[in-house]
Amino acid sequence: MLFNSFQFLCVFLPIVGAVYYYCARHGSARIAQICLVIVSFVFYGLQKPVYLPLLLASIVANFLFGRGIARLAGKRRKQLLVVALVANIVFLSCFKYWNLVLRHLPYLQGKFHFPDWELPLGISFFTLQQIMYLVDCYEEIVPANGFLAHAAFVSFFPSVASGPLTRARLMVPQLISGVSSNAPKISQGISLLAIGLFKKVVLADSVGRIADAGFTVPGSLSALEAWASSLSFTFQIYFDFSGYSDMAIGIALLLGYTLPINFNTPYRSLSITEFWQRWHITLSQFITNYLYTPILRSFRKITLVKAAAATLLAMTIAGLWHGPSFTFVIFGLLHGIALAVNQVWRRKARIRLPGLLSWILTFLFVNFAFIFFRAPNLAAGLQVSRALVSFHDLFTLKAFAGSIRMIEMPVICVPAIAGIIVALFGENSNVFALKPRITFSTALVISLLMLISFIFMNSNVAKEFVYFGF
Amino acid sequence: MLPRSLFILGSDWNARCRKWNWIVLSSVCVAAVIVAAGNYCVNIYGLFGDIKGKQFIVYDNERTTKYLFSYKYIPANFDGLLIGSSISANWDTRKISSFRIYNASIDGANISEETLIADNVLQKGRPKILLVLIFPYLTETYGRKSRYMNPQEYWGALGSVQLFRVYFSKWLLSVRHEAGEFNDFGYKNYEVPHRDPSWIKRSEFFADPQSLQEYRDLLQLARVRGVRIVGIIPPIEMQRLKLEGRAFDIYHRNLRSFFLPDEPIIDLNGPVLDQMRKNKDNFPDGYHLSKAAADQVIGVIDAQLAQLLRIPN
């Protein structure tokens, strides 16, 4: 069930809200947790029941690992952590990477084939979330969870599919202390839900059509089409994922829980380092704390070059985390190189670039790297990249003509332009997450956003969120 | 009159937020109901209420509109259906005297899309006749060619982007004092611009196996529903037929085998239309018929239908 479907918004969410509030008000925090676990399993099971046992197995295994790590001491404690981490990585790899390895390693080509399983929803997210939990347990940052709290923490339905990646130390105390929702939190939740929904169904899905039109025929794009396609995807993925995150945070707030923010107007960044501090913040924090820092620590003596190498490696792994394709590796590698260059530049260079130039360079680079993120394969990515700078065919729109009709242009272009202006110059939705704005004008705006979103939702079959594929 | 207190949020923070929440949720619900009710009353796709004897025309997006017409408007007002692509879109079926036939032909449509319309009409109505084009374009591809024509569009008639585009197109026509491109029989009043045809000499037309199966299934469903089936082979420009004659022969032979012996096939490439087919002006782009030629064709179909089905003309 998708957040951007009527079934979820008009049936599932109101029923869940009512049942959850009843349980929380008239029972204990434990009853509320049980209710939350059941509801989350129902939500997850509705997507594809066959993957529910996988989620359950992952929860049980990591709960036991967590308990074990907390109980043991010394060398055995570390050994158990290693076993737990390897088990989680193998679990994730079974669904994501085996076939990539088997298909591309020369000696294994065609000899073995792992069944092409569909990726279970949210597997990358709930696995990473539990890896963070296990490491935090090992470092004694958090105590081992009780089973119910752990199950509720991992399967929490607003974030189980695509994050935000939440650390146990933020979520579990909220689960244990019970619900603390109130009218202001509900106001915040409604605001974020409406903004997130608008970002997804109006903005992301509209610009997404331009991106789809371009990336399906990468070989026949003019320069204008290549720029339109790549820029469209850059904004599509932002509206799609930040819209999802806003909705997840908003839904959690409706139930009384606080999730971490995931986006902070990333396209206004003046450097690639700043971009990663504002883009998919919870993943960036994971990369920094659980990949980059351990890699850096593994060096005997830390130098600038070694730090840059650690960045490159961490980002390549982060790229590969997105999926079993070389396009994601290239995406991660490009960002790794850019971050490493930025690290060196900040330390060594004596020149400070003007703000506008920094912004242009950062944005153009981000846009370029996203081409590989979106391209169906490496060749297509290279074709679109080449088309960006092709001078023999600058302004024709032949490739788009097959998929977008002229009459559809206003429905696509008006939201696209409005969205781009808001993303670059408008107010951040996080302000609503911090404190609700309770005025008649905000009530009007939020109602209008919701109504427009409903009309757009009613126009098409609900499209999945881009990050559901990871 | 609304109470004055409704417009004051108050100073108590919790009460203020509570009131704000109710205002937002209730205004969204009220606005959604108003939008849906308004569109229900306008009923531009003829989906709601009694629409027998009423006329509905396509203003924009013929795929969505003809698909939605197939739910109620066509079953309630027509006793036949013409299944085709842009080749037959400008055949004015109003001029067929023996039956009220709705022209369901859609620009660029394949058999999958046409089946979506035909299935609805066959299941929701009691049509007497089904005219099906025998033409390679219909079976060249399989599946919907756009994101339109899905069952969700039924609810889209209560408020959707497509619907507002239809309103906009209708408004534009009324502002410009222009008649619409379509009539209430689904006929599209158009003629493709003149251009040199780009025929390719080929030995065979590609036909998607799934679309062929869908073609067969459609005929079978019509038989089960007791509908008379008539196949129509559209006229082909004389020069083109000479060039691609073998490919057309193979294709027609294959498709003819889908029809039962008592299901007539009207071949419009016979001597009756020879003169018309020789004149290149009747095929402005080498493929589609001019308006005048289309009228001639519909006249022949009308006469042949009367003869084949023994209906006095």
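The model is predicted.

**Chain B overall**

- Chain B has 313 residues, and 38% of them count as buried.
- Its secondary structure comes to 12 helices and five strands.
- The C-alpha atoms of chain B fill a box of roughly 85 × 45 × 40 Å along the principal axes.
- Take the contacts in chain B between residues at least 6 apart in sequence: 76% of these join residues at least 24 apart.

**Strand S3(B) and its partners**

- S3(B) is mostly covered, with five of its five residues buried.
- Strand S1 of chain B, residues 80-83, runs parallel to S3(B), and four bridges join the two.
- In that pairing, B:Leu82 stands opposite B:Leu131.
- Strand S4 of chain B, residues 228-233, also runs parallel to S3(B). Five bridges join S3(B) and S4(B).
- Here B:Val230 in S4(B) stands opposite B:Leu131.

- B:Phe135 lies in the loop between strand S3 (129-133) and helix H6 (136-140) of chain B.
- B:Phe135 counts as buried because it has 22 C-beta neighbours inside 10 Å, and the cut-off for buried is 20 or more.
- Leaving out residues up to four places away in sequence, B:Phe135 touches B:Ser85, B:Ile87 and B:Pro234.
- B:Phe205 is 70 residues from B:Phe135 in sequence, yet their C-alpha atoms are 9.9 Å apart in space.

**Nonpolar cores**

- The largest nonpolar core has 139 residues. Those with the most contacts inside it are A:Tyr20, A:Phe153 and A:Ala194.
- A:Tyr20 touches A:Ala32, A:Cys35, A:Leu36, A:Val39 and A:Leu255, not counting residues up to four places away in sequence.
- A second, separate core has 66 residues, including B:Phe56, B:Phe69, B:Phe78 and B:Leu218.

**Contact between chains A and B**

- Chain B puts 25 residues into the contact, and chain A puts in 22 residues.
- On the chain B side, the elements that give two or more residues are helix H1 (13-42), helix H7 (152-156) and helix H8 (161-176).
- H1(B) gives the most to this side, with 13 residues.
- By class, the side of chain B that touches chain A has 11 nonpolar, nine polar and five charged residues.

**Helix pair H15(A) and H16(A)**

- Helix H15 (residues 355-374) and helix H16 (residues 378-388) of chain A have axes that come within 8 Å and cross at roughly 150 degrees.
- The crossing of H15(A) with H16(A) is right-handed.
- From H15(A), A:Phe368, A:Ile371 and A:Phe372 meet A:Gly381, A:Val384 and A:Ser385 of H16(A).
- The residues of this contact divide into four nonpolar, two polar and no charged.

Definitions and conventions. Residues are numbered from 1 along each chain as its sequence is written. Chains are lettered from A and ligands numbered from 1 in the order in which they are written. This is a predicted model: local features need pLDDT of at least 70, side-chain atom pairs count only at pLDDT 80 or more; totals for chains, interfaces and linings use all residues. A residue is buried if 20 or more other C-beta atoms lie within 10 Å of its own, exposed if 12 or fewer, and partly exposed in between; C-beta atoms are placed from the backbone. Two residues are in contact if their C-beta atoms, placed from the backbone, lie within 7 Å. A nonpolar core is a set of buried Ala, Val, Leu, Ile, Met, Phe, Trp, Tyr and Cys residues joined through C-beta atoms within 7 Å. Two strands pair if DSSP finds at least two bridges between them. Ala, Val, Leu, Ile, Met, Phe, Trp, Tyr, Cys and Pro count as nonpolar, Asp, Glu, Lys and Arg as charged, and the others, Gly among them, as polar. Axes are lines fitted to C-alpha atoms, for helices over the stretch in contact, and angles run from 0 to 180 degrees between N-to-C directions. A crossing is left-handed if the near helix is turned anticlockwise from the far one by less than a right angle, and right-handed if clockwise.
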